Each structure stands twice: as structure tokens, then as C-alpha cells.
Amino acid sequence: MAEIDREQLLDVYTRTMKVNRTDEKFRELLMQGKVAVMYYCVRGQELISAAAMAALEDDDYVVCTYRGQGEQTAKGIPMEKWWGECLGKETGTCKGKGGTMHITDPDTGIMVTTGVVGSGLPIANGLAMASQNNGDGRVTVVSFGDGAANIGGFHEALNMAQLYKLPVVFLCQNNRYGEHTAFADHTASPDISSRAAGYGMKGVKVDGNDVNQIYPAMVDAVEHARSGKGPVLVEAMCYRMLGHFFGADFSYMPEEHLAEMQAEDPLPKLRKVMLDRQFTEEELDKIVANIDVDINNAVQHALDAPLPSTDEIYKDVLEETA
Ligand SMILES: Cc1ncc(C[n+]2csc(CCOP(=O)(O)OP(=O)(O)O)c2C)c(N)n1
Ligand SMILES: [Mg+2]
């Protein structure tokens, strides 16, 4: 693919900063004790989600995990609905009944968020198979972690997707840890992407901290899937810069690892690319300031919103049959 043009770069930057500022805000609220919910930080992985969502059309499908804030906000869930769901309010995407680990918003293509490691891959196949049958031209991206690649469903889903040439992109965000276990201690293969060869599938491994690698890789993968050539496995290397979930200890990470991840932080790297492409400091700061205004308004809206009423408990849970 040709060099990313300025418009695409601006789009990826804006989405990346939206993800980052949302993450910062969430941690601030948790630290202040203003909210008390589970939150899986995405610090260090913002760019991957932003680039992946920027490579999609608005009506494409996404399946993500508990660490899915990046996909959810970068794909475009309205902020008031996103915060409403996280805070368990009736204004949320699932009327406050899903919470942070089950955010679903079909209007923006966020079809499922799952807390069951690896379970998103077969679900993505189902969505992709529906698109293939309907001929609607949609692509499904499923995001998962390195740990999830060792679940049986990973093998089953990749085999089936390649067999039927499903329009799906398997996006593995390899943040080098599955909970508290380092990659080399939970995975026998040297990486995840090379496993694609075992299914006759296209597999690529890219630096998820470099916009010039991750964005073109996602655009190519999505194009490949959409054109009927079948699925692609993209392994995006990154670092989880904080603990497994908010508040979790991460002192088990060796010092060299911490130093390495600071040096590879995708945000200063992206900012440098933007400045090299003649965006000004003022322009970039203004984008972040505008995002912060939107986030603060959305947080206030969610804090003020009512909790779902008890009458809602069984609604949208079971299908009524005659
Ligand atoms: C089937 C299943 N097994 C175990 C868990 C507990 N668990 C939650 S997150 C996690 C780590 C997954 O690591 P990875 O796939 O690398 O994703 P990351 O958290 O690094 O984004 C585990 C083992 C679970 N939720 N589901
Ligand atoms: Mg991981």
C-alpha cells in the first residue's frame, strides 16, 4: 500500500487520542472513587484499535473483548451511550445491563464484547458467514489477545474461516502477557501469525506501535477479506503498559520489559509522525482538547443518568415466544 495520506493519518490520530483520553479519564474516575467498576486499561494499545477501526467502513462488524474500549470508542459508539453502559445507567448501549465487559452496540457495528477468552473468534465467523450469504459486502474484525490464541476455538475458527473463505480479519493484539503470564511461558510457538500457514491462510506480523505498519496492514487485510480472497490473521505487537485490569499489580514485569515498553510507547511515536508530516503542535493539541470536552460532557451525562428500573431486569434477556 502507498504511504498513508494526511487525511488518513489525521483520522487515525483523532481516533487514537479518543481512545487514550477515554482510558485516562476512566482511570482518573476510578482513582477518585467516583466510579467502582471493572476496567481493563488499554494504555499502550490505543493505536492498534484506532488503525483497525479506521480501516473499516461504518457498517462493518466488530467483535471484541473486555479490553475492547479502543475498538468500541474508535468505531464510534456515541460517548454518552458508552459511558452510560460502563456506569450501569439506563442511557447505556445495553440499558446499563451489560456493563464494561459486555458492551454491544449493533448501530455502530460493535456486535459482541465478550469476557470469555477466545470466544469471539467463532462468533465472528458466524457474522462473516451471514455477510457472505447475504452478499452485503461487510467485513468482520475480531480482536483478541495473545493468550486467546491458545484456546481451542482459535484453531476451529481459523480453519473454518479459511475453508469457507469468510470475510473476517483475525486481529491478535499481542501485548506479551496473558493475565500475569509472559508470552514465552504460555505459548510454544515463537509467534501467533506464523500459525496462519497451518491453515493455508495469509498471516502478517506488524509493529502495533508504528502507524506506518499497523494501518496499511489493516487496510490490506480488510481489502483481502472484502474481495472474497478469505480471512487474514494479523498479529500486532504491542505492550500492555499497565496491569491486567485497573488496580492490578504488575511488579512481576521485569525491569528491562518496562524500559522497552516506555521506549516503544505508540503515542509519542505517532505525534512525531504527525509533526514530520507538517501537522502543527497547536492543531494536535486542539484535537485533544476537543475530545476532552466531549468526554467530560459524556461522563457528566452518565453520572446524572438514572439506574435501570427493576422492571427492566428480564427485558431483552429472554425471547418471548407465543
Ligand atoms: C475461557 C477463559 N479462560 C480464562 C479466563 C480468565 N482470563 C481473563 S483475561 C485472561 C488473559 C487473556 O490474555 P490475552 O488473551 O493475552 O488478552 P489480554 O488480557 O492480554 O488483552 C484470562 C486467562 C477467561 N476469562 N476465559
Ligand atoms: Mg495478552
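Let's start with the core. The largest nonpolar core has 64 residues, and Trp83, Val169, Val211 and Met218 have the most contacts inside it. Helix H8 (residues 211-226) gives this core its largest share, nine residues. A nonpolar core here is a set of buried Ala, Val, Leu, Ile, Met, Phe, Trp, Tyr and Cys residues joined through side-chain atoms within 4.5 Å. Buried means under 20% relative accessible area, exposed over 50%, partly exposed in between (1.4 Å probe, protein chains only). Another core, of 25 residues, lies apart from it, and includes Val142 and Phe170.

A word on the source. This is a predicted model: local features need pLDDT of at least 70, side-chain atom pairs count only at pLDDT 80 or more, and totals for chains, interfaces and linings use all residues. Residues are numbered from 1 along each chain as its sequence is written, chains are lettered from A and ligands numbered from 1 in the order written, and side-chain values use heavy atoms, without hydrogens and water.

Asp146 and Tyr177 are both buried.

Last, charges. The whole structure holds 21 salt bridges, each a side-chain nitrogen of Lys or Arg within 4 Å of a carboxyl oxygen of Asp or Glu. Lys97 pairs with Asp316 at 3.5 Å between the closest N and O atoms. Lys97 is partly exposed, at 31%; Asp316 is exposed, at 60%. Shared partners join Lys95, Lys97, Glu312, Lys315 and Asp316 into one salt-bridge network.

Methods: Helix = DSSP H or I, 4+ residues; strand = E, 2+ residues; numbered from the N terminus.
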